[in-house]
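Welcome, and thanks for taking a look at this one. Here is a short briefing to read alongside the sequence and the 3D view.

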Amino acid sequence: MSQPAPSLTTTEAVPLGSPSLSDAVPVDAASWRRRVDASARLPVLAYVLSGVVWLLVGTVFALLASFKLHEADWLGETAALTFGRVRPAHLATMIYGWLSMVDVGIMIWLWGRLLKTEVRHPWVLLASCALWNVGMVVGTVGLLAGFSTGVEWVEMPVAAFFCIVPALGLVAFALLSSLGRRRVRHLYISVWYLGACMLWTPILLVAVLLPIYSGVPHATVNWWFAHNILGLWLTPVGLAAAYYFIPKVVGRPVYSYHLSYLGFWTLALFYNWAGVHHLVGGPPPQWLVTVSIVFSVMMIIPVLVVAVNHHMTAFARIRRVLYSPTLRFVVFGAMSYTVVSLQGALMPFRSLMEVTHFTHHTIAHSHLGVYAFATMVAFGSVYYLLPRVTGWEWASRRLIALHFWTTGLGIGMYVVGLTVGGIQQGLLMNDASVPFLDVVIATKPWLWSRSIAGVLITVGHLTFAWLVWQIVRHRGPAPDGPVYFRPPPTGLFGRGDGGRAPVADSSLL
Ligand code: HEM
């Protein structure tokens, strides 16, 4: 079921996933990879570093919000630090700061690598990064000062989006303008996902920000947007990265190239309809909610397609997750994608929603998506690309392992705790004989478990930030080879399979 091997010339690159990936690389592959990495260096570093700074800021807000949910009076005297301000600040800094910015960094690098062409307009990309950061500062300060739009997932003052949307437009311009100069005929599936989300996302943002809605239509557009920013922005970038890094590190073609097209088109056609399931039991017309439930269930198709493709590819040489940090994080993310999406496809049924709607269960689900899937894939991608754009290696394998285990166990604890706690909360709230305060008290241990998980995750984030800072400054022991979790047996990672060649040789990967 693999994609047939294309014929090769020295200028015609090998589509990733080709069976001939490891042994039929064109003779000048090393030099074009070096050129592509060099052209991407500044914009990729700018976006990844900005993302990491926002990750740290967002983590502070996460801890504040989490502790406030069981220690309600804590810092309650300062308006800027009340839950109503800290929560949207956490959402904004994590979604538009950390995930979106690191994802743009990953996109820029992948785009050049997959099209085998230098990144064009690096200064435009740098300007877009600066503009994006201005938007984030304005938005975060604005939220803390009490200026919220009140529209969930786009709470930041509109001025912030006046920076972020044009910045995204500049990114789309710079990347799409290099399509015509690509050195490949074939567009690998990751390019489809990245290209499509560059067109979808500005449309989503402009549509939700138009000042033309009120009442029920506003709520409907709000949830259409909030769901799509996950499914048509963060998901495509995560899937594009997984489709690149899993075959690359495993050293095998994608299991089925035909399935990957099916996955792309079904996501493009179905996802857009799913968001209104957030308003089950709400005021929109029932037919609209029902249509959205039907499309949510139909999402099983793209999810299973991607799951089969990723897992069959990864499991061909799954032993490599013991060694490769990139593979470990990305496979964790890909497995979480399957779980969160299947859960999402089953959750919208009205009978289930009767219990889980408006409970902590929803928050567990959203973190399974934005953290266990999107964030873990982003971590794995950064572990792969930063050595290539900086020309240095990671400072410590032990700290990478610490990062993996703190974040992996932390998010596991977060999701399991709030899923169970949310179901308990929903069942109790449906029992009219239970006073509301008893429900609050019953869920407190689960909220504590989230805070403990949050502290674990924070350790992971600090470790990751330190490692990134070290590699960017070329600090740590001089690189004498790729950094694995443990030394792999001889020959496990051969040339061209993307496991990790020595830095001096990293252009080969
Ligand atoms: C990169 C990591 C993270 C991302 C992208 C992220 C994203 C989000 C999003 C999108 C929401 C809104 C969820 C919804 O309304 O359905 C949210 C809420 C929240 N998150 Fe996170 N989050 C991250 C990490 C964390 C961590 C580590 C903690 C734990 C301390 C945390 C604690 C919270 C809390 C307390 C809320 C508010 C829950 C509520 O209103 O009941 N988040 N986060």
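**Around the ligand**

The ligand is surrounded by 22 residues, and the closest are Ala-62, Ser-66, Met-94, Ser-366 and Gly-454; a residue counts as near a molecule if its C-beta atom, placed from the backbone, lies within 6 Å of it. Please keep in mind that this is a predicted model, in which local features need pLDDT of at least 70, side-chain atom pairs count only at pLDDT 80 or more, and totals for chains, interfaces and linings use all residues. Residues are numbered from 1 along each chain as its sequence is written.

- At least two residues of the ligand shell come from each of α1 (29–70), α2 (83–115), α12 (360–390) and α14 (436–472).
- By class, the shell holds 13 nonpolar, 7 polar and 2 charged residues (nonpolar: Ala, Val, Leu, Ile, Met, Phe, Trp, Tyr, Cys and Pro; charged: Asp, Glu, Lys and Arg; polar: the others, Gly among them).

**Overall fold**

- The chain has 14 helices and 0 strands (DSSP runs numbered from the N terminus, with helices being H or I of at least four residues and strands E of at least two).
- The radius of gyration, taken over C-alpha atoms, is 22 Å, close to the 23 Å that the globule rule gives for 509 residues, so the chain is as compact as a globular protein of that length (the rule is 2.2 Å times the number of residues to the power 0.38).
- Along the principal axes, the C-alpha atoms fill a box of roughly 75 × 50 × 40 Å.

**α1 with α14**

- The axes of α1 and α14 come within 9 Å and cross at roughly 160° (axes are lines fitted to C-alpha atoms, for helices over the stretch in contact, with angles from 0 to 180 degrees between N-to-C directions).
- The two helices, α1 and α14, are therefore roughly antiparallel (over 145 degrees; under 35 counts as roughly parallel, 65 to 115 as roughly perpendicular and the rest as oblique).
- Residues making this contact include Ala-62 and Ser-66 of α1 and Gly-454 of α14 (C-beta atoms, placed from the backbone, within 7 Å).
- The contact of α1 with α14 comprises 14 nonpolar, 7 polar and 2 charged residues.

**α6 with α9**

- Helices α6 (residues 215–250) and α9 (residues 300–315) have axes that come within 9 Å and cross at roughly 20°.
- α6 and α9 are therefore roughly parallel to each other.
- On the α6 side, Leu-239, Ala-242, Ile-246, Pro-247 and Val-250 meet Val-306, His-310, Thr-313 and Ala-314 of α9.
- This contact of α6 with α9 has 7 nonpolar, 2 polar and no charged residues.

Methods. Contact = placed C-beta atoms within 7 Å.
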